[in-house]
Amino acid sequence: RLPFGAAGGAARFLILAAGLLLLSPAAWAAGGDMPSLVHDIGISLLAAGLLGVLFTKLKIPTIAAPLVAGVLIGPIGLGQVTDPENIDTIAQLGFILLLFLIGLEIDLKKILGSGKAIIVTGLAQYPLTILFGVLVTKLMLMLGIGGTVLSESPYAPMYMGVVMAGSSTLLVVKLFQEHFELDTVPGRLSLGILIFQDIWVIIAILIQPNLQNPELGLIAMSFLGILLLGLLTVGVALTLVGRAFTWIAKTPEMTLMGALAWCFAIVFIGVNLDNIFIATMDKNFHMAVGSGMAALIAGASIANLPSSTEIITKVATVKDFFITLFFVALGVSIPMPESADVIILAVVLAFFALIARQLIFFPLFYWSGVDQRNAEVTSIRLAQISEFGLVICFLGAKLGHLSPSLTSAVIFAFVITALLTPILYGRAYDIHKKVQPLLEKVGFKSPPETGGEEEGGYAVALLGFHRDASSLLYNLTESEPDLVKQTLVVDFNVALHGGIRETGATVKYGDLANPETLHHLGLNECKVIVCTIPDDLLRGITNRQLVHVVREMAPHAAIIANAIAIEEIPKVYAAGADYVYLNRFEAAWTLQRAVQAGIEEEIDLFRNKRQARNHYKPDRKEILS
């Protein structure tokens with residue numbers, strides 16, 4: 001290991017060397033006989049990597065790093081990448097692999113099994129937001145906002161609507177994963193809407209080439225080409241390709257190579273579909289499928305194979321590489337802003353993208369059954385422009401639909417919303433509290449926080465309903481159904497209330513952070529009160545604070561709470577808890593006995609006893625499975 005001083009010196013040397021390469025003339029940086037394409041890719045990765053480290057340190061969304069890197073090394077920056085053919089090659093390669101990965105991650109079963117809120121909002125949100133974007137853009141044209149940047153692009157209103165309609169899968173999913181909130185209500189809603197948006201992007205890319213000549217016959221033939229290629233691809237995937245991936249599953253490098261080979265095989269067939277018909281039937285049916293759509297079909301065709309998880313895992317190893325190249329290429333293609341209109345338009349576009357979430361996303365969530373708080377929090381966390389909006393604009397520029405200046409404005413708007421996303425994500429609940437009075441005034445009411453005094457006391461109260469409470473309620477339903485009828489569940493996710501009531505338990509809407517809510521629930525007569533939500537999911541209160549409040553209300557109840565850190569356990573006890581559990585301790589207790597049973601060669605007996613005790617059944621269906 002290097003001493004700290006030596007390590008710091010080595011880091012400074014590497015940064016200095018990288019700086020010299022980036023600041024040097026392109027020909028010198030290329031180094032002798034290095035091919036220009038290799039040089040351009042190398043410089044792209046070098047610049048993106050350095051900025052990625054810097055952005056991580058400064059807590060700036062790293063997705064903006066390759067875009068900024070592209071600007072830095074492109075024609076308007078240091079001029080290190082100037083060959084248009086190399087730029088186009090990098091972008092096309094990244095684009096094809098990006099759509100292939102989207103196809104791999106499309107789960108039709110998950111979409112079809114989504115709840116009402118996701119299906120209704122997912123179907124209506126995208127077209128309604130496009131309509132909103134079209135109207136806003138036409139208003140901007142009437143008011144002269146954006147100058148010639150908008151007026152010189154004939155399809156600007158439609159493209160601006162599409163850009164506003166999508167949210168960033170990369171940013172949103174990453175933040176939910178980092179905060180362990182993918183299985184919360186906003187997490188599930190966001191993921192479902194993002195899947196629907198991916199489907200809408202497919203439709204947009206399919207229609208896009210025919211905008212200049214929107215003949216129904218050509219559009220129909222395009223759809224027919226997609227259908228034909230899809231049927232052929234799925235048929236081959238289910239017969240030959242699935243078997244081939246089974247053969248090579250134990251060789252990681254072959255799995256990756258096989259997936260990429262399959263991708264480009266379908267791409268080649270798709271783009272040459274017309275040539276195939278001309279060669280075989282001497283007719284051109286105009287059914288050629290674009291490279292991006294063909295790549296997406298290739299990915300979707302193997303997404304449900306038995307070995308799909310292995311394929312996705314292996315292909316995901318190169319995902320960041322291709323995404324980086326694609327966004328660097330976008331940054332390189334940004335021209336020098338000819339006027340302040342480009343920046344003004346970018347700010348206005350980012351603003352209306354945020355407004356669309358409040359005027360369209362939030363009402364759709366609310367009217368489809370999501371409670372006010374979760375609808376608002378989800379809408380806020382989806383408030384950014386999608387990277388796939390950039391993909392569509394990239395294609396639009398190549399088709400001559402958009403001017404370079406308008407494409408630049410869209411990219412700048414994407415960067416603005418990307419930078420705002422972590423702030424909006426972290427402050428979503430606080431923002432909801434501030435706008436809640438306004439939402440109430442305009443008719444978006446919170447469910448009534450009714451009390452339980454009139455119904456008599458409860459034996460058990462579950463404060464919050466998440467994974468632990470879901471499993472506990474199932475076990476009680478199986479073994480102690482009479483106790484379930486004396487159980488009160490308090491939670492703000494009204495989408496779960498129907499399922500909870502079906503078990504026989506009483507469920508009330510309530511915010512655990514609001515002491516007034518808890519006062520009206522009749523907790524003083526409960527025998528056992530369980531706080532099942534961990535601190536990293538609670539908002540506005542912690543388990544220690546919640547236990548303190550509940551202990552004052554119910555001095556004689558047995559209070560069970562949880563902790564996520566060892567040092568929190570004594571503090572929760574001091575607040576008044578009778579028992580504090582930490583999930584990994586409970587798991588360790590079980591694992592210790594499993595290990596001992598294995599040593600004593602009684603693991604089968606142990607498993608059977610535990611499975612019987614924990615109700616492990618193939619058909620076990622909890623409210624939160």
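1. The side chains of Asp430 and Arg427 are joined by a salt bridge, with N to O at 3.1 Å. The term salt bridge denotes a side-chain nitrogen of Lys or Arg within 4 Å of a carboxyl oxygen of Asp or Glu. The structure is a predicted model, in which local features need pLDDT of at least 70, side-chain atom pairs count only at pLDDT 80 or more, and totals for chains, interfaces and linings use all residues. Residues are numbered from 1 along each chain as its sequence is written, and side-chain values use heavy atoms, with hydrogens and water left out.

2. Both Asp430 and Arg427 belong to helix 21 (residues 404–441), where they stand three residues apart, about one turn of the helix. Helices here are DSSP runs (H or I, at least four residues), numbered from the N terminus. Asp430 is partly exposed, because its relative accessibility is 30%; Arg427, at 42%, is also partly exposed. The cut-offs for these words are under 20% relative accessible area for buried, over 50% for exposed, and partly exposed in between (1.4 Å probe, protein chains only).

3. By the rule stated above, the count of salt bridges comes to four. Side chains of opposite charge can pair when their charged atoms come close.

4. Another of these pairs is Arg607 with Asp604, whose closest N and O atoms are 3.0 Å apart. Arg607 and Asp604 both lie in helix 29 (residues 603–614), three residues apart, or about one turn of the helix. Arg607 has a relative accessibility of 38% and therefore counts as partly exposed. Asp604 is partly exposed with a relative accessible area of 45%.

5. Lys571 and Glu568 also form a salt bridge, their closest N and O atoms being 3.8 Å apart. Lys571 is partly exposed at 37% relative accessibility, whereas Glu568 is buried, with a relative accessible area of 18%.

6. The largest nonpolar core has 112 residues, and Phe100 and Ile302 have the most contacts inside it. Such a core is a set of buried Ala, Val, Leu, Ile, Met, Phe, Trp, Tyr and Cys residues joined through side-chain atoms within 4.5 Å. Helix 18 (residues 341–367) supplies the largest share of this core, 14 residues.

7. When neighbours within four places in sequence are left aside, the residues in contact with Phe100 include Ala259, Trp262, Cys263, Leu296, Ile302 and Val315. Contact means heavy atoms within 4.5 Å.

How values were computed: Helices (H or I, at least four residues) and strands (E, at least two) are DSSP runs, numbered from the N terminus.
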